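Here is a friendly briefing to keep beside the model while you look around.

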Amino acid sequence: MESEKLKLYKYKLLISDLIHDVLNGKISVQSALLTFPKDIENVEIKCAFDAIMYLEADEDIRKKDKEYRELQNEYLLHIAKIFKENGNLAQN
């Protein structure tokens with residue numbers, strides 16, 4: 001039986017790949033959100049879900065404000081890097 005830690009790490013790897021795919025235009029935000037692990041109570045996974053969801057919600061702002069878009073992209077890439085390394089997101 002797969003341990004919970006291994007299962008969580010596999011989810012983190014998936015999410016890291018989803019973030020990169022969205023930012024590189026390989027998949028849509030909606031496709032990424034539909035691929036997200038379901039029924040996960042982990043706050044870090046929920047945080048990553050929300051961060052990707054805001055890409056679409058902030059679409060108008062991202063088109064008009066280059067600095068905002070770049071900051072949001074950097075934030076998502078930071079999450080992807082932490083997840084790929086099996087690290088933990090900061091509490092805030």
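Lys-63 and Glu-59 sit 4 residues apart in helix α4 (residues 59-64), so about one helical turn separates them. Their side chains meet in a salt bridge, with 3.6 Å from N to O. Please keep in mind that this is a predicted model, in which local features need pLDDT of at least 70, side-chain atom pairs count only at pLDDT 80 or more, and totals for chains, interfaces and linings use all residues. Residues are numbered from 1 along each chain as its sequence is written, and side-chain values use heavy atoms, with hydrogens and water left out.

**Salt bridges**

- The structure holds 6 salt bridges, a term that asks for a side-chain nitrogen of Lys or Arg within 4 Å of a carboxyl oxygen of Asp or Glu.
- Side chains of opposite charge can pair when their charged atoms come close.
- Lys-66 is exposed, with a relative accessible area of 52%, and Glu-70 is partly exposed at 36%.
- Another salt bridge links Lys-81 with Glu-85, whose closest N and O atoms are 3.2 Å apart.
- Here Lys-81 counts as partly exposed at 49% relative accessibility, and Glu-85 is exposed at 52%.

**The aromatic pair**

- There is 1 aromatic pair in the structure.
- The ring centres of Phe-36 and Phe-49 are 5.3 Å apart and the planes stand at 85°, so this pair is edge-to-face.
- The cut-offs are as follows: rings of Phe, Tyr and Trp (its six-membered ring) pair if their centres lie within 6.5 Å, with planes under 30 degrees apart counted as stacked, over 60 as edge-to-face and the rest as tilted.
- Phe-36 belongs to the loop between α2 (29-35) and α3 (43-57), and Phe-49 to helix α3, so the pair ties together parts 13 residues apart in sequence.
- Helices here are DSSP runs (H or I, at least four residues), numbered from the N terminus.
- Phe-36 is buried, at 3% relative accessible area, whereas Phe-49 is partly exposed at 29%.

**The nonpolar core**

- Which residues touch the most other members of the largest nonpolar core? Of its 20 residues, they are Ile-15, Ile-19, Phe-36, Ile-52, Ile-79 and Phe-83.
- α1 (4-23), α2, α3 and α5 each supply at least two residues of this core.
- A nonpolar core is a set of buried Ala, Val, Leu, Ile, Met, Phe, Trp, Tyr and Cys residues joined through side-chain atoms within 4.5 Å.
- Leaving aside neighbours within four places in sequence, Phe-36 is in contact (heavy atoms within 4.5 Å) with Ile-15, Leu-18, Ile-45, Ala-48, Phe-49 and Ile-52.

**Val-29 in helix α2**

- Val-29 lies in helix α2 and is buried, with a relative accessible area of 11%.
- Beyond its neighbours within four places in sequence, Val-29 is in contact with Val-22, Ile-52, Met-53, Leu-55 and Glu-56.
- Val-29 and Ala-48 are 19 residues apart along the chain, and 12 Å separates their C-alpha atoms.

Notes: Buried < 20%, exposed > 50% of the residue type's maximum accessible area, 1.4 Å probe, protein only.
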